[in-house]
Amino acid sequence: MNGFEFQAKTKLAFGIGRSHQIADDVKALSNVSIAVLITDPGLVHLGVPEPILQALQDGGIEAYLFFDVQSDPSSTSIDQAAAIIRNSGADCVIGLGGGSAMDVAKMAALVAGAAHPAEHYALMAHPFEAKRVKSIMIPTTSGTGAEVTSTVVFSTIEKRKVWGWDADMGPDLAVLDPTLTVALPPHLTAATGLDAIVHAIEAVAGKRSNAMIRALSLEAIRLLSQSLLTAVKEPANLQARGDLSLGAMLAGMAIEQGGTGIAHCIGHALGTLGRVHHGRAVAIALYDTYDWNIEANVSTHADIARALGVIVQGQDDLALARAGAARFRQLVEASGLQLSLAGEGLSTADSDTFAEIMQAEENAPMRNNNCRASSTSELRQFAHAILSR
């Protein structure tokens with residue numbers, strides 16, 4: 001049994017319509033009076049930030065809006081957001097959106113504390129200055145769990161997908177309001193929900209797993225697996241949306257403590273290679289590596305199978321674990337997620353490059369934390385299988 005320490009860094013608020021209290025939340029953070037709201041163009045088009053901005057204004061909070069955020073956030077967006085934080089004198093940053101908007105908000109809150117650009121801090125090359133502004137995250141998807149983590153993922157100017165980490169990057173408050181996720185289209189509900197399931201599976205099966213990670217991950221898997229298809233088919237079902245929100249948050253807490261594994265190594269490589277949506281990329285990756293992983297941690301994968309809803313009928317752990325792999329693949333297929341990457345212009349001709357990116361420095365922590373060690377030959381096999389469809 002591994003020794004461990006556990007501490008939740010982010011205060012959590014959950015409820016239908018809970019985002020309406022944002023002004024009170026901001027004021028509660030040490031007399032904050034100026035906020036920057038960071039979101040994305042799609043949500044601006046849908047009018048999602050307007051009630052948040054209005055609530056801030058009505059509460060006497062001066063608010064600035066930044067929405068130049070792509071689905072695969074760039075270092076340029078982080079630098080632009082950080083400049084607004086500095087120039088406005090803001091003492092609070094609010095991230096509203098999916099993982100991209102929240103990652104930009106989280107990292108910009110730290111980058112704003114010095115003159116260095118975001119890429120200065122990539123892969124922990126240099127330490128951040130002490131955090132000078134508060135941060136609140138309001139997710140509009142149920143996937144990344146970025147509202148409770150201390151890590152961000154972004155792309156450099158050269159389109160290399162990297163990450164940043166700092167203990168202070170964990171938000172001060174996460175506001176989960178299921179009503180804000182209702183407008184998410186079915187294909188994104190599927191991709192983000194599967195991303196959260198992969199988070200929980202990789203955290204509990206990974207090398208850093210412990211009793212707390214098990215508790216968080218297995219409950220996350222249960223909530224997510226039982227509600228995902230309902231939310232895809234019935235977007236306005238608030239019970240399903242609420243369960244997805246809670247499941248994604250719990251999975252985020254799990255990876256905050258336990259990290260991820262081979263599916264995220266491969267998924268990040270797909271992001272670099274073909275700009276594939278993160279949730280879809282990691283779901284595809286686990287689809288093709290789940291069975292391979294099982295033999296390294298059979299008992300835990302049997303527990304995962306139970307959480308996925310596999311019915312136990314006298315099966316031993318190995319049979320149960322394999323049934324869990326089949327259940328995961330069934331969820332992926334039933335969600336409508338597109339497994340073929342031909343639409344991104346990728347084929348088996350890209351296999352060698354794909355495998356090389358999996359072995360890049362930025363993907364090493366995920367690869368090394370996986371429950372089963374991978375050889376170069378195995379990574380090439382995964383690359384070929386994923387690009388063969």
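Buried here means under 20% relative accessible area, exposed means over 50%, and partly exposed lies in between (1.4 Å probe, protein chains only). The model is predicted: local features need pLDDT of at least 70, side-chain atom pairs count only at pLDDT 80 or more, and totals for chains, interfaces and linings use all residues. Residues are numbered from 1 along each chain as its sequence is written, and side-chain values use heavy atoms, with hydrogens and water left out.

**View A. Stacked rings of Tyr121 and Phe128.** Rings of Phe, Tyr and Trp (its six-membered ring) pair if their centres lie within 6.5 Å; planes under 30 degrees apart count as stacked, over 60 as edge-to-face and the rest as tilted. The whole structure holds three aromatic pairs by this search. In one of them, the ring centres of Tyr121 and Phe128 are 4.1 Å apart and the planes meet at 10 degrees, so the pair is stacked. Tyr121 is buried at a relative accessible area of 1%, and Phe128 is buried at 10%.

**View B. Edge-to-face pair of Trp292 and Phe382.** The centres of these two rings, Trp292 and Phe382, are 5.0 Å apart, with 80 degrees between the planes. Trp292 belongs to helix α10 (residues 278–294) and Phe382 to helix α15 (residues 376–387), so the pair ties together parts that are 90 residues apart in sequence. Helices (H or I, at least four residues) and strands (E, at least two) are DSSP runs, numbered from the N terminus. Trp292 counts as buried at 13% relative accessibility, and Phe382 is buried at 7%.

**View C. Polar contacts of Glu256.** Glu256 sits in helix α8 (residues 238–258) and counts as buried, at 17% relative accessibility. A polar contact is a pair of N or O atoms within 3.5 Å; within protein, one must be able to donate a hydrogen and the other to accept it, and residues adjacent in sequence count only if both atoms are side-chain atoms. The Glu256 side chain makes such a contact with the side chain of Lys9 at 3.3 Å and with that of Ser150 at 2.6 Å. Contact in general means heavy atoms within 4.5 Å. Neighbours within four places in sequence aside, Glu256 is in contact with Lys9, Val148, Thr149, Ser150 and Arg208.

**View D. Surroundings of Ser217.** Ser217 is part of helix α7 (residues 211–233). With a relative accessible area of 0%, Ser217 is buried. Residues up to four places away in sequence not counted, Ser217 touches Ala200, Ala203, Val204 and Ala254.

**View E. The loop residue Val310.** Val310 is located in the loop between α11 (298–307) and α12 (317–334) and is buried, with a relative accessible area of 16%. Val310 and Gly324 are 14 residues apart in sequence, and their C-alpha atoms are 6.4 Å apart in space. Beyond residues up to four places away in sequence, Val310 touches Ala305, Gln315, Leu320, Ala323, Gly324 and Arg327.

**View F. Positive phi at Leu123 and Lys159.** Leu123 is not a glycine, yet has a positive phi of about 55 degrees. Leu123 lies in the loop between α5 (99–111) and β5 (134–139) and is buried, with a relative accessible area of 17%. Lys159, also not a glycine, has a positive phi of about 70 degrees. The loop that holds Lys159 is between β6 (151–155) and β7 (161–165), and Lys159 is exposed at 52% relative accessible area.
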